[in-house]
Amino acid sequence: ACTIWQSELQRIRALFKSRDMDLVLDNGTVVGFLCSLQYNPQYGLSLRVVDADPAFALGEMELKKREIIERLCKEGLFERNKERAVPLLPLRIGLITSAGSAAYNDFIQTLSVSRFGFKIWVADAMVQGEQTERSVLRALERLNRLEVELIVIARGGGSKTDLSFLDNEAIARKIAVSTIPIWTGIGHEIDTSVLDYVANCAFKTPTAVAEELVARFVQMRRQLDESAGTLRTVWAYRLKNEQDYRDRAVTGI
């Protein structure tokens, strides 16, 4: 038997939080505990947890992540979705995120204030927790059946443990074979997800994805304005030349 008293559990959780992690005690989770060995004549030997090592848990997470990345790389799945052509000005956007979350609001707000004619299909999905894989896979299947031009997977920042739910091999494989280009905006500036490796393009945050979409239209509008100005200038110059020619011709006649 192994016991963690509530007071010790609170202190250990606080320690993990200070390292930007959560203490996960689910089946299959590998943890490193410091325990005291106790003996009771009636119940025999038991352990009492007195401390835990965040570095050990982080190492296990990173090892699992690295193994997934290596398998995907060996199978040539990094380039599959990158080969999908992204329209120059995509307007029909499929968004996979938790509806109502900060990531959702940041993305929608950035596109809305631009006043360009974006149309967004939101596939509400869980982006942390045990249901993440099933939820995101279902969202990808739904959006791939629609006539969207681009799919965006967005999730705001969180602890390393929260973000690790998207370091998922099944989701990564689904992205790789998607017939629609997929962009990712997951986590903080410093975070890199497994999904980023297989996506058509990866951005640091959900807002950065939206800003890139808006920037494409702003750039195109700027180019159109410059082209229109050039056309007016050239046309005015040629018109003036023709008018001068006509005036000289009239005088000559």
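Reader: What covers the buried residues of helix 3?
Author: This is a predicted model, to be clear. The cover includes strand 4 (92-97), strand 5 (119-124), strand 6 (150-155) and helix 8 (206-252).

Reader: Which residues are buried in helix 3?
Author: A103, F107, T110, L111 and S114. They cover an arc of only 90° around the axis, so they sit on the same side of helix 3.

Reader: And which are exposed on the other side of helix 3?
Author: A102 and V113 are exposed there.

Reader: How far apart are the end C-alpha atoms of helix 3?
Author: They are 19 Å apart. Helix 3 (residues 102-114) has 13 residues, so at 1.5 Å a residue it should span 18 Å, and the two values agree.

Reader: What follows helix 3?
Author: R115 does, and its phi is positive, near 65°.

Reader: Strand 2 and strand 3: parallel or antiparallel?
Author: Antiparallel, over 8 bridges, with strand 3 covering residues 44-52.

Reader: What stands opposite L37?
Author: L47, in strand 3.

Reader: And what do strands of a sheet pair through, in general?
Author: Backbone hydrogen bonds, in either a parallel or an antiparallel sense.

Key: Residues numbered from 1 in each chain as written. Predicted model: local features only at pLDDT ≥ 70, side-chain atom pairs only at ≥ 80, totals over all residues. Heavy atoms only, no water. Pairing = 2+ DSSP bridges. Helix = DSSP H or I, 4+ residues; strand = E, 2+ residues; numbered from the N terminus. Expected span 1.5 Å × (residues − 1). Buried < 20%, exposed > 50% of the residue type's maximum accessible area, 1.4 Å probe, protein only. Arc of directions from axis to C-beta. Contact = heavy atoms within 4.5 Å.
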